[in-house]
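This report walks through a few local sites and the elements around them. The structure comes first, then the notes.

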Amino acid sequence: AAAAAAGGGDGGVTAPVVRRRVDELLDGVEAEGETYDVLRVCGLDAIPALLVFSTSRLFLLPGWAKAPADMDGAPTAEPAEVGAAEAEADMPIRAAVLQEVDASHGWAHVHGDVAYASWGLSELCEPVRRRYQLQPWALQIAFRSGGSLFISAQSGEVRAALHSRLQSTLSPHPGSEERERRSSSEEVRSWSSGGVGESPSILTEAWQEGRSSSLDYLMGLNHLAGRSYDDLMQWPVFPWVVREHSSGELSLTAEASYRDLGRPMGAQTEGRAAQFKRRLDEWVDDDEQEAAADGLRKFHYGTHYSTAASVSSYLLRLQPFTDYHLALQGGRFDLADRLFHCVSEEWQLASGERGNDTGCVKELIPELFYMPEALLNVNRLDLGRRQHGDPLDHVILPTWARGSAWRYVRMMRQV
């Protein structure tokens, strides 16, 4: 399985031939510190990979790992080992998925029968420290083209060494010094054009003065908070802003149209806020001692405002999120009544306006502010039927959207 993951499982290509072609890619890499074993993370997919620095390029070889140096001390590679047999069998499939992602960015390359991704070192914009599975071992490498690579190292020490190595490759971008000399009255850089290094105060000032849109402001805050489109568990979060969904027109100047942004979703109604507070107050000493032994503390909310499950549910109608949802649900769609069905019902459930259910406090995602296709069953998926018998299809929109996902998104961008 490891040989297949390395590209030598079919087509009559032997493992030694594939190994030799990988060694050819490593030709010119002289120091052992120029190669790093990492996990390549994208959505729910994470596979072992070898990150390689050459004189002028950065390479990523999915399914490969560091091997003992050769007789001359130069680094070599070998097929990566995966613990579980089922994971080994699945690795070529996951590698193919990531290769499609790389191809969409123009990063994918093939050397003989070895697939890999490659970037010029001059394309690197910024390495940013991230978390993966709650461990501070990950890095997100931003590129000047606007794309990024999310990887996880084996430890904090390895990440520190890799971060230092990446920083040493950075060269000033043309015009960067001029941008640094801009006065505060000029427009802040957009998150979509590589403006990833702004401080919270700069982002807030630009937003308050109208030099940055609300979308750019929120995306900038998400970046500073460590959130990324490369990791489903740390997807960017956008707040529920509008609470009015039943009127024929949405008044952007009426206070009643908006949620209370001074309170989290668990405290949008007094009854629900009291319920969560009672849960905290009624936490008995025995429970607290037992929880402390398990590393837990008293809490208000037993669920989170953003999870891989909620993100894949919001984006269920689009790939690859359909596949992500199926992976989280054991290969089948969840019950239709639990899927994203109606904007108004989703708000009522998350805010507590429909009963005081304490099981949902989730916020929104950025796509609902710029991607109308997320609200449409464009792939004609069979999502099942709700309890009353109606099939689940397009998302039911607020009355003021007049049945148009494009109008809904446009209005959300104006609030």
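## Ser228 and its surroundings

In this predicted model, the side chain of S228 reaches the backbone nitrogen of D230 at 2.9 Å. S228 belongs to the loop that runs between helix 7 (214-224) and helix 8 (270-281). The relative accessibility of S228 is 2%. Because buried means under 20% relative accessible area, S228 counts as buried.

Leaving aside residues up to four places away in sequence, S228 touches Q140, F150, Q234, W235 and P236.

Is Y258 buried or partly exposed? Its relative accessibility is 23%, so Y258 counts as partly exposed.

A polar atom of the Y258 side chain lies 2.6 Å from the backbone oxygen of L252. L252 is also one of the residues that Y258 touches; the others are V241, V242, R243, S251, T253 and V415, with residues up to four places away in sequence not counted. For R243, which is 15 residues from Y258 along the chain, the separation of the two C-alpha atoms is 5.2 Å.

## Helix 7 and its packing

Helix 7 has these buried residues: L215, D216, Y217, M219, G220, N222 and H223. They pack against three elements, namely strand 8 (124-132), helix 6 (200-208) and helix 13 (405-414). Just after helix 7, G226 takes a positive phi of about 90°.

The axes of helix 6 and helix 7 come within 10 Å and cross at roughly 170°. Angles over 145 degrees count as roughly antiparallel, and therefore helix 6 is roughly antiparallel to helix 7. On the helix 6 side, the residues that meet helix 7 are P200, L203, T204 and W207. Their counterparts in helix 7 are S214, Y217, G220, L221 and L224. By type, the residues of this contact between helix 6 and helix 7 divide into 6 nonpolar, 3 polar and no charged. Two residues of helix 7 in this contact, Y217 and G220, are also among its buried residues.

F59 has S118 in strand 7 as its bridge partner.

## The chain as a whole

The secondary structure of the chain comes to 13 helices and 10 strands. The chain has 415 residues, and buried residues make up 45% of them. S228 is one of the buried residues.

Among the contacts in the chain with a separation of 6 or more, 58% are between residues 24 or more positions apart.

Methods. Residues are numbered from 1 along each chain as its sequence is written. This is a predicted model: local features need pLDDT of at least 70, side-chain atom pairs count only at pLDDT 80 or more; totals for chains, interfaces and linings use all residues. Side-chain values use heavy atoms; hydrogens and water are left out. Helices (H or I, at least four residues) and strands (E, at least two) are DSSP runs, numbered from the N terminus. Buried means under 20% relative accessible area, exposed over 50%, partly exposed in between (1.4 Å probe, protein chains only). A polar contact is a pair of N or O atoms within 3.5 Å; within protein, one must be able to donate a hydrogen and the other to accept it, and residues adjacent in sequence count only if both atoms are side-chain atoms. Contact means heavy atoms within 4.5 Å. Two strands pair if DSSP finds at least two bridges between them. Axes are lines fitted to C-alpha atoms, for helices over the stretch in contact, and angles run from 0 to 180 degrees between N-to-C directions. Angles under 35 degrees count as roughly parallel, over 145 as roughly antiparallel, 65 to 115 as roughly perpendicular and the rest as oblique. Ala, Val, Leu, Ile, Met, Phe, Trp, Tyr, Cys and Pro count as nonpolar, Asp, Glu, Lys and Arg as charged, and the others, Gly among them, as polar.
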